[in-house]
Amino acid sequence: MRDKALVKSYRDRTYVSTAMVRHNGTTVAFAMDDRRRIYYNVLDLEQASAAKGELDAAYWNAEPALLPFPTEFVDPFADAPVVYGMPVVKAGGTAEVRPQELFGAETDPFLSTTARLTEAAPIQVVSDGRYVLVFRQSIASGHGDAVYRTAGNALSGDAARSNYVLAGGAKVPAADASLLCDRFVLVGSKLKPVVEARYQRSRSKYTPAAGGSDTLGTRDMDGKQFYEPTVKLSFVPRLTGGGFAVMLLPTEVEGVSRWQLFVNNAAEKRIESLNCERTDDGLFDVTGTQLWTSPDPKFRRSVLEREPGTDPNTGRPLVPVPATTDRAGTALQFYPNVRPEVRIAVDAMPAPSGGATFEVWVRPTAPGGTVLASLDESAPTGFRLGINSQYQPYAIGASQGWQLTGSRALTAGVFAHLALVVNGLEAVLYVDGVETARTTVSTAPVPASAQLLGRQGTWDPATGLVGDIDEVRVWNRARTAADLADRGRRLLGTESGLVTYLRLDEGAGLVAANLVDRRRDAAVNGAAWTTSEAPVSDGPGLSRDLFAIKGREVVGGLAATLYYQQEQQSSGYGTVATEKRQARMLLACATSGPPPQGSAAGRNHLCTIDLALGRGGRLAALPREVVLDPIGVPEPTKDLDLLAAAEAKVNAARAQLGADWKLADDLPATLNYLNSIWNMGFRRAQRDRLVQTLPEMFAAQARLGQDRAEVAAAEADLAALSGGMRGGADVVLPMPRIAVDRAGLSAYGALLTFAWTNGAPSLLDSANGDVVLYYPGVDGQFFSAYYPTTVSRATRRLTAGVGALTLVSRDPGARTGDFSLTVSPGTSASLCTVEVVSAAAGTERFPDVPRAAADFARVLSGRRVQGALLGKVATAQDAAVDLAEPLSRNLPQGAAVTVGGRLRTVKAAVAAGGRKITLTTGGLSDTAGTDMYGALYDYGRATCSVPGASLSAGSRIVGVTIAGVSPDEKVADGWATDGAQPLLAR
């Protein structure tokens, strides 16, 4: 092997950055040279031969090939997409010529294609199983190779031209530090452009030629092949230094995935997270797809279609899947006689356009109060938007003498959407998108007039709001009633004319983020964060979130990879298998900032962030400002007692693993021997003795995975205490927890004190399932660090009869001391109150949980069980329901039911034969004709101390298993005791 080449090297040019992707089992490598040309090479193992040998290095292409970019360019997200042709340049020069003046070989393959738009920055490559997608940053406007739009729907970089399209007196560039995407098909060992179908006469994918005779085809009327143009992702902000990462995230729906992009917004010193649906043809769907499901709630989890149709279970038409309305998260709550100081920053506002719109969701709990106001209402543009003593919304311009009062009163305790629209000298007041008042004004408010929430400029307790405020939006234009249809959808913050956007989803702290670029955040004092019930959803299309790393700025490229946590499970006959479990995403980037302790100034230390992935293809939500603790190789401890205790722990864990391994190893032979003597009467005594040993053998087999985890954790602790000199082969550094979001999804992250670079990091999965972080050193070195993906979860035990339930931490990084569970009496002997506490996820309280072990586990684990059919709803008015037929059995107070698929609790007992049922929660007026079923538990009764957290899927902190416990055993009052620790603190 010493004489054989293990590495394939190319020294034909100077390469400055690389990327690699696996496409259907084939490895494709990419490299950019110092002239901004991108080359690729394919590891073609399909061409195996004895002459080439068995080493991979022999199966790379002989020479890298130049990546063939298109000659056309398009922004499909523009209002009217136009496919622009790139200028044609003769090889050897820079002058633009007419295409008919050149033969094919005379055309410059770089300057005549979108390759000229490539910036000298790291690229990223993604495979979706069908195409290879190359993502690159474009050059900025003003670059020598930049091209600009001309009056004839063409692109040119010729400085002598005079017919350029101008905006604000400047030429409009095709791309300005934009994110570009190109797709290729791998054919053998060559990447080829993707053929596209277009209208043959107009040569457009989007609009046919006038006259109605245009047809779709893959060639134009002259027989020229259509290829996909380079796509500009205009919804992505300007890039700096290749600071972006792109990946595909799976969802719970087979074949449906979502695009996830991270972009370093250097101007705002934050990272933007963009998530959108992947279209059927593999591109970006920023609008999203409406899904359809069964009209019967009991079939909805098994029916999900992308088009209208008929439900196979009921034969009725499918209904649209409603958007989730829990994305509002949190709101600000204002109390009586408490002076709030919630100020909207209005500096650096654009010049007024002559129109303005002020929108807010409000939930009044007492009559009267100010919702949105100017600091100085006596100013000519000062105003106030509020609610009067009759719960009617009003708007007033005190100094100008104008006033509006809505004809429709709000409902106390219910969110409503208010919008004040001013256009010139007219003001209109809308409630839930419906006009309720209109008047003329002498001087209209401007966007900068909106400065205070929940109070007037001069504090008066009598005019302070009592209630909640959410989703504040201020526009520098007058919106129409049609525009206000988006009031129930979260915005991106990049919409035209939007100057202030406060989602108010922080849930804690003294700052409310303004999602509009170049706008300061709002200060929050005197108001409390609370769970929001505003009917606001993300929608299926593009979503945008922001976060910043406290005290640090991202420099250079980003790297991200999808991985799966692996957990060891017993698979029988003494073997332990590793199973893929939760999908997660790891993000890495270099950052500048104050040097961590022990490091030198001027180093760009790497940061990593690990995010859980939800079922819908969306990542764990991060705080507005992420605090990353530094981690590094620890110094050896001088405390000999600590070392001795750690060594003793390692020895005990190894001994337990050895003992259990011996028992599990004996299990197959014991079972075989028992089978052979089972019918031998004279072996009965021996058989009975062996049968008595089986439970311990099976228990030992089940413990093997946890035993290995205990050994690994003990060795990791010893390695950390000894500075890597004892214990495990490597020092394993725990990744600190950043946050647990309202859905229970966890996020971890750290500043790596041992890793710094001036280049872009790379993340790849290794052969053993770990994630490998590669990064170049500052002196030509190349380093790597491994991120283990094998985890186990901390457990606690809870007495149930003669056995014990197992409480399993949902967070793989939590230790037994990080969570607790207490059981106390409920409203009856068969019910109990459960309180689950976690320092990271808050306190959860579940009243009146069934004590029966199986039902107890189902409630806390979120496994809903549909009970018997109680009847069909004849009429419903808020919380009062009338059934079409009398009840066939008693319905006790506190019983859980579902009405039209919505969980509710019975307020007062109803005897058999009754029809009228009163529930504790309303909102059921639209359920006539639906079915009412019994239910195991109403999660609407469960509460969490974290504002905005949802317990509709059970506890966010623990799951419960009942292995070895009878389903009818009753859970006793008391505290859960310690079980096993996790494999590694993440």
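In helix H3 of this predicted model, the residues Ala853, Ala854, Phe856, Ala857, Val859, Leu860 and Ser861 are buried. The helix spans residues 853-861 and is mostly covered, since seven of its nine residues are counted as buried. The cover over these buried residues is provided by strands that include E53 (795-800), E54 (803-809), E55 (819-825), E56 (831-838), E57 (842-850) and E65 (958-961). Just past the end of H3, Gly862 adopts a positive phi of about 80°.

Helix H3 lies across E53, E54 and E65, and its direction makes an angle of about 155° with that of E65. These strands belong to an open sheet of four strands, arranged in the order E65-E54-E53-E67 and paired in antiparallel fashion. Because E65 and strand E67 (977-978) stand at the edges and have a single partner strand each, one side of each is left without a neighbour in the sheet. Strands of a sheet pair through backbone hydrogen bonds, and the pairing may be parallel or antiparallel. Between E54 and E65, which run antiparallel, there are four bridges; Val958 in E65 is the bridge partner of Ser809.

**Nonpolar cores**

The largest nonpolar core has 43 residues, of which Phe358, Leu453 and Ile469 touch the most other members. When neighbours within four places in sequence are left aside, the contacts of Phe358 are Leu372, Phe383, Leu418, Ala419, Leu420, Val422, Pro445, Val446, Pro447, Ala450, Arg473 and Val474. Another core, of 34 residues, lies apart from the largest one and has Ala841, Phe846, Ala853 and Ala949 among its members. In soluble globular proteins, nonpolar side chains tend to be buried together.

| Residue | Phi | Loop between |
|---|---|---|
| Arg203 | about 60° | E17 (198-199) and E18 (216-217) |

Technical notes:
Residues are numbered from 1 along each chain as its sequence is written. This is a predicted model: local features need pLDDT of at least 70, side-chain atom pairs count only at pLDDT 80 or more; totals for chains, interfaces and linings use all residues. Side-chain values use heavy atoms; hydrogens and water are left out. Buried means under 20% relative accessible area, exposed over 50%, partly exposed in between (1.4 Å probe, protein chains only). Helices (H or I, at least four residues) and strands (E, at least two) are DSSP runs, numbered from the N terminus. Contact means heavy atoms within 4.5 Å. Two strands pair if DSSP finds at least two bridges between them. Axes are lines fitted to C-alpha atoms, for helices over the stretch in contact, and angles run from 0 to 180 degrees between N-to-C directions. A nonpolar core is a set of buried Ala, Val, Leu, Ile, Met, Phe, Trp, Tyr and Cys residues joined through side-chain atoms within 4.5 Å.
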